[in-house]
Amino acid sequence: MKETIPGVFRDGKKIFTMSMVKGYNAYTKSIVTKGKAEYRQWDPDKSKPAAAIIKGLKTFPITSGSKVLYLGAASGATCSFFSDIVGENGVIYAVEISERSARDLNVTSEKRGNIVPILADARKPEDYDWVEPVDLVFEDVASDEQSAIMIRNSDKFLKPGGHAMIAIKSRSIDVVRDPKQVYKEQIAILGKHLEIVEKVELDPYEKDHMFVVLRKK
Amino acid sequence: MKVFITTNMVGVFAFDEKMKMVHYSLFKPVPETIAEKLSEVKNGELIPEEEELIKELSRSGYRIIAWDKKIDFPGIKTLYEPDNPAKEKLTKEFRKLALDLHFVKDQMELNKLLSAVNVQLTKKELRKERKDVILMRAIAVIDELDKSLNTMSEMMREWYGLYFPEAERLIRDHEQLAKTIHKEGRREKVTDKKVQKYAKITAGMPFSEDELNAVQDYAKNIYNMFKLRDSLSLQLKHSSREIIPNLSAVAGPLIACRLIALAGGLDKLAKLPSSTMQLLGAEKALFRHLKSKEKPPKFGVIYAHPLIQNADKKIRGKVARILASKLTMAARADFYTGKDMSEKLLADIDAKLKPGKVKGS
């Protein structure tokens, strides 16, 4: 088990995070114990950042103590790994619009203590304007307004020099057009407001998805 | 002197025009209490801490208050300024303040409290009554029962048909056949007049007692599922007449609920354009059309509506468009006013569909 990226451990082809809450086995395939530490396997088939890391992403700007705004948290699966990485000194503001998902997200948050569940629409950042400035904005929302959502939220909440990560879903933006073209167009939109740092296609873990890391100028 | 008042999970704070904190009142660091206060504040209500703070400020000689509420106060001027600089300052500096004022002992504790407060707030939000969600669940069960009952009944037919093929052929209704097998079963006992005479001259094979019992057991369960399906849909009809009077009158309760389920809630359905309403449930055909040169679909789940079913094939598309436009109005009436205006909607549809008015192309 080697720490290849701060907070992310690698063992062969598998990646892990160090459990913040021991014995917490939700959302993971397996828990591995080494000495006193416990590691949760982070499945690239179920989590886009994990897929991006396995596909060779170099910039992964979340570390211990980070403050993260997570848009589209769903039931909190990926959130739980971010929560491991940022630890008790960090915090994840998890925005989710669906009440059904929020029910599960709430349970995850209650168990972990560093996830702040917010039942709101990521298209309307003014509804959660009490959120403090953050180090990272991560967006995984299935909407044709993906890029606009990212721009609005990073304008409002991201610290200068802070990073943003987005999983562009080509099919949510336009099912018909060639994904390559959609990526290009979306990156151009994002590039006007944020600096493009790195991009990785998530195939075969997620079809027609591109993972992009950005930075606020 | 003007002062800005703003509230967050730590407490209520007053800043002067130079953004210096002049007064404050901390909440008790208990998640349930803070969540309660914050949701009151969000609803625009005045909480005791704010009232206290204002009295305090008034005694200190402040005469103008700017905040995000539209509440008047005797003896003091209040300005409605939701995006005031104090709010921004508090958002940015709440961690430092929370520690400086000994609200919590460290960042870790603050994070835990922040999480716990919002867990409570989300819970509160989830507890709110949503009648349309109940309808959505019920219609999902009914539609699934229909699908399963169909396959299960087909299998029952094949099975019992080995023993008494004439009964299987002559009793066309699944529910009726399930009842006959369950209550009568044995050929000689079947009371149906059309079938009776075949009991002795059947082309079916003999079944042992056990074999017959098995198929009867199976039929009994199917029969009970039919009864369950009926009682559920009756219940759905009653509740949808109350919850969505307009939609259920124009679309019929089942289609109305399917539309809500497809849109993901009455609120969302009410915001759809009628062209989308017309095609809800036909997404597959629609995207096939968009991707290739195939013809566009004319209707989604509203296809099952009697007006479309009874319309001439040539004008079905147009009928669907007229129906969808009135359904859109019905959904909006149900969501925004709750008033029953279904009579007018139905009369409008009648007028538009007068014989000869809609022409086929």
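**Figure 1. The loop between α3 and α4 of chain B holds B:His102.** Helices here are DSSP runs of H or I with at least four residues, strands are runs of E with at least two, and both are numbered from the N terminus. Phi of B:His102 is near 60°, a positive value in a residue other than glycine. B:His102 counts as exposed because it has 8 C-beta neighbours inside 10 Å. The model is predicted, so local features need pLDDT of at least 70 and side-chain atom pairs count only at pLDDT 80 or more, while totals for chains, interfaces and linings use all residues. Residues are numbered from 1 along each chain as its sequence is written, and chains are lettered from A and ligands numbered from 1 in the order in which they are written.

**Figure 2. A:Tyr27 lies in the loop between β3 and β4 of chain A.** A:Tyr27 is not a glycine, yet its phi is positive, about 65°. A:Tyr27 counts as buried because it has 20 C-beta neighbours inside 10 Å. Most residues other than glycine have a negative phi, and most peptide bonds are trans.

**Figure 3. A cis peptide bond joins A:Asp203 and A:Pro204.** Omega of this bond is about 5°. A:Pro204 belongs to the loop between β11 (194–201) and β12 (209–216) of chain A.

**Figure 4. Strand β5 (residues 37–42) of chain A pairs with β3 (residues 14–18) of chain A in the antiparallel sense.** Two strands pair if DSSP finds at least two bridges between them. Four bridges link β3(A) and β5(A), and A:Ile15 has A:Trp42 in β5(A) as its bridge partner. Strand β4 (residues 31–34) of chain A also runs antiparallel to β5(A), over four bridges. In β5(A), A:Tyr39 stands opposite A:Val32. The hairpin of β4(A) and β5(A) has two residues between the strands, and A:Gly35 in this hairpin takes a positive phi near 60°.

**Figure 5. The largest nonpolar core has 92 residues.** A nonpolar core is a set of buried Ala, Val, Leu, Ile, Met, Phe, Trp, Tyr and Cys residues joined through C-beta atoms within 7 Å. A:Val68, A:Tyr70, A:Ile92, A:Tyr93 and A:Ala94 touch the most other members. The largest share of this core, seven residues, comes from helix α4 (residues 107–127) of chain B. Apart from it lies another core, of 39 residues, including B:Ala261, B:Leu262, B:Ile302 and B:Ala324. Not counting residues up to four places away in sequence, A:Ile92 touches A:Val68, A:Tyr70, A:Cys79, A:Phe82, A:Ser83, A:Val86, A:Asn114, A:Ile115 and A:Val116. Two residues are in contact if their C-beta atoms, placed from the backbone, lie within 7 Å.

**Figure 6. In chain B, 19 residues are in contact with 21 residues of chain A.** Among the elements of chain B, α3 (85–100), α4 and α14 (283–291) each supply at least two residues of the side that touches chain A. Helix α4(B) gives the most to this side, with 12 residues. The residues on the side of chain B that touches chain A divide into seven nonpolar, seven polar and five charged. In this division Ala, Val, Leu, Ile, Met, Phe, Trp, Tyr, Cys and Pro count as nonpolar, Asp, Glu, Lys and Arg as charged, and the others, Gly among them, as polar.

**Figure 7. Helix α16 (residues 316–337) of chain B has 22 residues.** From its first C-alpha to its last, α16(B) reaches 31 Å, close to the 32 Å expected; the expected span is 1.5 Å times one less than the number of residues. Its buried residues include B:Val319, B:Leu323, B:Leu327 and B:Phe335. Among the elements that cover the buried residues of α16(B) are α10 (245–251), α12 (266–270) and α17 (342–352) of chain B. B:Gly338 follows α16(B) and has a positive phi, near 75°.

**Figure 8. A:Lys192 is in the loop between α6 (179–191) and β11 of chain A.** A:Lys192 is exposed, with 8 other C-beta atoms within 10 Å. The C-alpha atoms of A:Lys192 and A:Ile115 are separated by 31 Å, and the two residues are 77 residues apart along the chain.

Definitions and conventions
Buried ≥ 20, exposed ≤ 12 C-beta atoms within 10 Å, placed from the backbone.
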